[in-house]
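Have the structure open and follow along.

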Amino acid sequence: MNPKFKSFLKYLISVALTIGFLYFAFKGTDFEKLFEILKGANYWWVLAAFPVLLLSHAVRSWRWRYLLDPVKKNIPFRSLFSSLIIGYMMNNVAPRAGEFVRPYAIWKLEGVSRSAAFGTVLVERIFDVVSFMILIALIPLMYKGPLSQAFPWLEETGIWVSIVTILFLVFFVFLMIRRDIVMKILKIFTRHLSERQAKLVEHITHSFLDGFLFFKDRKNYFMIVLTSVIVWALYIVMMYLPFYAFGLVDKFHLDFAAALVVQAISSIGILIPTPGATGPYHYFTIQTLTKLYGVDGDLARSYAAVTHALGFIGITLFGLYYFFVDKLSISEVMKQKDENNSTNANA
């Protein structure tokens, strides 16, 4: 299949998913009531959540430094934070684009191998899924109501996501440790290539596996786990503060435990490939608030719309700032994305 057509098809599917989830999220909305709720919200509480979001990304950048340490030591925090924010901005444009733009950005700023950086980004995604699994496991402790009736598919989804994630993790760690096996497999696929092309494929593969070298450095394990816990704790705080903006604490007695449950279930939207989780985030957040906590539908929709807009607009603006200040090239970014599509098409 033509790589450009494949890329277009993927984007078309993501747009269709966005529209579909938004339709079901806002189906039956009383827009006059919705606008009244939005007008009456206390946006100081919403704005208070934005520094928490930036702090969570700062801690993510700090964790990324530990993952990249075996590849290049003492990478400046400024470069890590800039690359991460630019990556998240690109995710708001096209789903999963940030996973490939972020390695390009850190290579441009610090000369870090793009393949190795991509390996660490993949590790981050595995950490995120593991964190999601832990949050799902905590839900029965935080919510005593009829969870299985409201979301009968939740437990089964968590099990399957856990199995796939663990298998991927074991697979990549095995490849990193047994590179002799990787070389034998590579030679089977590269024997028909020229010597130059074969060496290039081997170099990219080894660089990618370098992104998993942090597993060999046990002294960083504690800091990686600690920063991961802090990141998700900050995410929960970010969900909790806007409860006050819409009176959810006083009217429905939503507390920090409720924020954890909303964060856990809304995180499912991140797994669905739409730009900036638009659509799935709204749908799962609204469903959680209405089905589990009895929040009025339009009030839940207002909360979902505002919290999503806060992150989407804020990160996009910060990402654009770093993109132009660090003098990244739009053409190079698009080339990076196209190269990735071509690689996937040939794989």
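Helices (H or I, at least four residues) and strands (E, at least two) are DSSP runs, numbered from the N terminus. By that count, the protein chain has 17 helices and 0 strands. Keep in mind that this is a predicted model, where local features need pLDDT of at least 70, side-chain atom pairs count only at pLDDT 80 or more, and totals for chains, interfaces and linings use all residues. Residues are numbered from 1 along each chain as its sequence is written, and side-chain values use heavy atoms, with hydrogens and water left out.

**The inside**

Of the 347 residues in the protein chain, 51% are buried (under 20% relative accessible area; exposed is over 50% and partly exposed is in between, with a 1.4 Å probe and protein chains only). A nonpolar core here is a set of buried Ala, Val, Leu, Ile, Met, Phe, Trp, Tyr and Cys residues joined through side-chain atoms within 4.5 Å. The largest one has 77 residues, and Phe243, Phe246 and Leu292 have the most contacts inside it. Helix H11 (residues 221-245) supplies the largest share of this core, 11 residues. There's also a second, separate core of 15 residues, with Trp64, Leu80, Ile106 and Ile224 among them.

**The rings**

Rings of Phe, Tyr and Trp (its six-membered ring) pair if their centres lie within 6.5 Å; planes under 30 degrees apart count as stacked, over 60 as edge-to-face and the rest as tilted. The whole structure holds 21 aromatic pairs. Here are two of them:

| Pair | Centre distance | Plane angle | Class |
|---|---|---|---|
| Tyrosine 104 and tryptophan 107 | 6.0 Å | 45° | tilted |
| Phenylalanine 243 and tyrosine 303 | 5.5 Å | 40° | tilted |

Tyrosine 104 and tryptophan 107 sit 3 residues apart in helix H5 (residues 98-110), separated by about one helical turn. Tyrosine 104 is buried at 1% relative accessible area, while tryptophan 107 is partly exposed at 31%.

The other pair links two helices: phenylalanine 243 is in H11 and tyrosine 303 in H16, so it ties together parts 60 residues apart in sequence. Phenylalanine 243 is buried at 0% relative accessibility, and tyrosine 303 is buried with a relative accessible area of 0%.

**Helix H16**

H16 (residues 297-325) has 29 residues and reaches 42 Å from its first C-alpha to its last, close to the 42 Å expected at 1.5 Å a residue. That expected span is 1.5 Å times one less than the number of residues. After H16 comes lysine 327, with a positive phi near 60°.
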